[in-house]
Amino acid sequence: MNDPKGSRLILPLRRLDETVPPQPAAVPRTLDLDAHGSGPIGVWHAAVQGSAEACLLLDRDARVVAASAAVGAVLGTTAASAVGAKFVDLVTAVDFTSGAAPDLELERSVPPLRALATGGLARGLLRLRSAAGLVTYDVVAVPLAGQSGALAFFLAV
């Protein structure tokens with residue numbers, strides 16, 4: 001059917017091959033961004049800085065490369081002053097099992113550090129000491145391809 005202006009929509013005809021079932025997409029274990037040209041850290045830098053979510057980007061040495069403004073409350077500092085610092089120097093993690101004692105096994109219990117150490121997705125609860133007292137966060141950390149860094153998201157629970 002033609003519209004009043006004389007243009008029409010023409011859809012290409014194609015035959016669906018019913019003999020080949022659709023294949024589910026493989027879920028990668030890491031974020032492989034090398035194919036995008038600026039390397040894994042560079043691709044995420046602007047996204048993390050502009051994010052409304054509490055997130056940060058760590059390099060392979062666990063230094064903060066980029067931080068969202070919202071993560072400032074988590075770290076107890078501004079995002080700008082966190083950049084360049086070692087993640088372990090910015091947080092005071094508390095061991096869940098011993099009340100308020102400092103956590104001595106950070107690579108095991110802190111998801112961003114665990115993601116860097118193992119090269120796999122890491123998620124867990126993280127209790128941090130801040131000016132507001134003890135705050136618990138649900139933290140998800142995804143390693144970047146080649147273990148060049150990790151992307152971590154923090155949600156207060």
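Two strands count as paired if DSSP finds at least two bridges between them. Helices (H or I, at least four residues) and strands (E, at least two) are DSSP runs, numbered from the N terminus. By these rules β5 and β6 form a hairpin with five residues between them. Gly146, in the turn, has a positive phi of about 70°.

This is a predicted model, in which local features need pLDDT of at least 70, side-chain atom pairs count only at pLDDT 80 or more, and totals for chains, interfaces and linings use all residues. Residues are numbered from 1 along each chain as its sequence is written, and side-chain values use heavy atoms, with hydrogens and water left out.

## Overall make-up

The protein chain holds six helices and six strands. From the N terminus the elements run α-β-β-α-α-α-β-α-α-β-β-β. Of its 157 residues, 38% are buried; buried means under 20% relative accessible area, exposed over 50%, and partly exposed in between (1.4 Å probe, protein chains only). The chain exposes about 9800 Å², and carbon and sulfur atoms supply 58% of that area. Accessible areas come from the Shrake-Rupley method with a 1.4 Å probe; for residues, only the protein chains shown count as cover.

Contact means heavy atoms within 4.5 Å. Among contacts in the chain with a separation of 6 or more, 41% link residues 24 or more positions apart.

## The sheet

The six strands form an open sheet in the order β2-β1-β6-β5-β4-β3, with antiparallel pairing. Its edge strands are β2 (64-67) and β3 (93-94), each of which pairs on one side only. Strands of a sheet pair through backbone hydrogen bonds, either parallel or antiparallel.

| Strand pair | Bridges | Facing residues |
|---|---|---|
| β1 and β6, antiparallel | six bridges | Leu56 opposite Ala152 in β6 |
| β4 and β5, antiparallel | nine bridges | Ser130 opposite Gly133 in β5 |
| β5 and β6, antiparallel | seven bridges | Ala141 opposite Ala152 in β6 |

Strand β1 spans residues 54-59, and β6 spans residues 149-156.

How much of β5 is buried? Eight of its eleven residues are, so the strand is largely enclosed by the rest of the structure.

Ala93 is buried, with a relative accessible area of 6%. Ala93 and Leu128 are 35 residues apart in sequence, yet their C-alpha atoms are 4.6 Å apart in space.

## The helix across the sheet

Helix α6 (residues 111-118) lies across β1, β4 (122-130), β5 (133-143) and β6. The helix runs at about 140° to β4. Axes here are lines fitted to C-alpha atoms, for helices over the stretch in contact, and angles run from 0 to 180 degrees between N-to-C directions. Buried residues in α6 are Pro111, Pro112, Leu113, Ala115 and Leu116. Just after the helix, Gly119 takes a positive phi of about 75°.

## Nonpolar cores

A nonpolar core is a set of buried Ala, Val, Leu, Ile, Met, Phe, Trp, Tyr and Cys residues joined through side-chain atoms within 4.5 Å. The largest such core has 30 residues; Leu56, Val71, Leu75, Phe87 and Phe154 touch the most other members. Strand β5 gives the largest share of this core, four residues. A second, separate core has seven residues, including Val48, Leu57, Val65 and Leu151.

Which residues does Val71 contact, leaving aside neighbours within four places in sequence? They are Ala54, Cys55, Leu56 and Phe154.

## Asp138

Asp138 lies in strand β5. At 15% relative accessibility, Asp138 counts as buried. What joins its side chain to that of Arg123? A polar contact of 2.5 Å does. Such a contact is a pair of N or O atoms within 3.5 Å; within protein, one must be able to donate a hydrogen and the other to accept it, and residues adjacent in sequence count only if both atoms are side-chain atoms. Not counting residues up to four places away in sequence, Asp138 touches Arg123, Gly124, Leu125, Phe153, Phe154, Leu155 and Val157.

## A positive phi at Ala62

Most residues other than glycine have a negative phi. Ala62 has a positive phi, near 65°. Ala62 sits in the loop between β1 and β2. With 10% relative accessibility, Ala62 counts as buried.
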